[in-house]
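Subject: Structure for you to look at

Hello,

I am passing on the structure we spoke about. Please open it alongside this message and go through the notes below.

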Amino acid sequence: MSCREVAVQTHELNSPFWGNDKHASQWLSSLEFHGFPFIGLKAVSLLTSADLLRVLEAIWVEKADKAK
């Protein structure tokens, strides 16, 4: 399964338990904007720490809260 597929499933399963609809929506939209361009199509089983660092490096300085 791709990272995007897993993220969408995770969102669907967990969004009822998050504080509100806005928070749930922001979680997925942040991934769509910041993560999926780099790793969205990559299989989760093939992810490496270098892949995750690539995503984080792009936002760490300007959007530290999202990077966390």
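The notes below go through the helices and then the aromatic residues. Please keep in mind that this is a predicted model.

Helix α1

Helix α1 covers residues 3-14. It has twelve residues and reaches 16 Å from its first C-alpha to its last, close to the 16 Å expected at 1.5 Å a residue. Cys3, Ala7 and His11 are buried in α1. Seen down the helix axis, these buried residues fall within an arc of 70°, so they line one face of α1. Glu12 and Leu13, on the other side of α1, are exposed. The cover over the buried residues of α1 includes α2, which spans residues 21-39.

The segment before α1

Ser2 sits in the segment before α1. With a relative accessibility of 12%, Ser2 counts as buried, because the cut-off for buried is under 20%. Apart from neighbours within four places in sequence, Ser2 is in contact with Gly40, Leu41, Lys42, Ala43 and Val44.

Leu28 in helix α2

Leu28 belongs to helix α2. Its relative accessibility is 13%, so Leu28 counts as buried. Once neighbours within four places in sequence are set aside, Leu28 is in contact with Ala7, Val8, His11 and Phe36. Leu28 and Arg4 are 24 residues apart along the chain, and their C-alpha atoms are separated by 9.6 Å.

Helix α3

Which residues of helix α3 (49-59) are buried? They are Asp51, Val55 and Ile59. These residues cover an arc of only 70° around the axis, which puts them on the same side of α3. On the other side of α3, Ser49 and Glu57 are exposed.

The aromatic pair

How many aromatic pairs does a search of the whole structure find? The search finds one. The pair is formed by Trp18 and Trp27, with 5.1 Å centre to centre and 45° between the planes, and it is tilted. Trp18 has a relative accessibility of 22%, so it counts as partly exposed. Trp27, at 29% relative accessibility, also counts as partly exposed.

Regards

Note on methods:
Residues are numbered from 1 along each chain as its sequence is written. This is a predicted model: local features need pLDDT of at least 70, side-chain atom pairs count only at pLDDT 80 or more; totals for chains, interfaces and linings use all residues. Side-chain values use heavy atoms; hydrogens and water are left out. Buried means under 20% relative accessible area, exposed over 50%, partly exposed in between (1.4 Å probe, protein chains only). Helices (H or I, at least four residues) and strands (E, at least two) are DSSP runs, numbered from the N terminus. The arc is that of the directions from the helix axis to the C-beta atoms. Contact means heavy atoms within 4.5 Å. The expected span of a helix is 1.5 Å times one less than its number of residues. Rings of Phe, Tyr and Trp (its six-membered ring) pair if their centres lie within 6.5 Å; planes under 30 degrees apart count as stacked, over 60 as edge-to-face and the rest as tilted.
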